[in-house]
Amino acid sequence: MSEFKPGRYLHYKGNEYVVLGVARHSETEEHLVVYQPQYGERGLWVRPLDMFLETVVRDGETVQRFKYIGE
């Protein structure tokens, strides 16, 4: 997790998100990414870190679910 950093990320479907940081679930201690969409209501969302970092297959190509694009 040391290489994971807050900042702007691009979802593989094209929307941008700002990652605020990583939190821990109070019961399971699972790492959760706290992020905010840069469209719509811009509410706060969480997603398990493992899922945030995973790859997906799109049009036959393996790509990152979220790609870091800067601060």
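**Close-up views of a predicted model**

**View 1. Phe52 and Phe66 are both buried (under 20% relative accessible area, 1.4 Å probe, protein chains only).** The model is predicted: local features need pLDDT of at least 70, side-chain atom pairs count only at pLDDT 80 or more, and totals for chains, interfaces and linings use all residues. Residues are numbered from 1 along each chain as its sequence is written, and side-chain values use heavy atoms, with hydrogens and water left out. At 0% relative accessibility, Phe52 counts as buried. Its ring centre lies 4.0 Å from that of Phe66 with the planes at 5°, so the pair is stacked (centres within 6.5 Å, planes under 30 degrees apart; over 60 is edge-to-face and the rest tilted; rings of Phe, Tyr and Trp, the last by its six-membered ring). Phe52 belongs to helix α1 and Phe66 to strand β7, 14 residues apart (DSSP runs: helices H or I, at least four residues; strands E, at least two; numbered from the N terminus).

**View 2. Phe4 and Phe52 form an edge-to-face pair, among 10 aromatic pairs in the whole structure.** The centres are 5.6 Å apart and the planes stand at 90°. Phe4 precedes β1 whereas Phe52 is in helix α1 (residues 49-53), so the pair ties together parts 48 residues apart in sequence.

**View 3. Five strands form an open sheet in the order β4-β3-β2-β1-β7, with antiparallel pairing (at least two DSSP bridges between two strands).** β4 (45-48) and β7 (66-70) are the edges, each with a single partner strand, so one side of each lacks a neighbour in the sheet. Strands β2 (residues 16-24) and β3 (residues 31-37) are joined by 7 bridges, and Val18 has Gln36 as its bridge partner in β3.

Terms used: Buried < 20%, exposed > 50% of the residue type's maximum accessible area, 1.4 Å probe, protein only.
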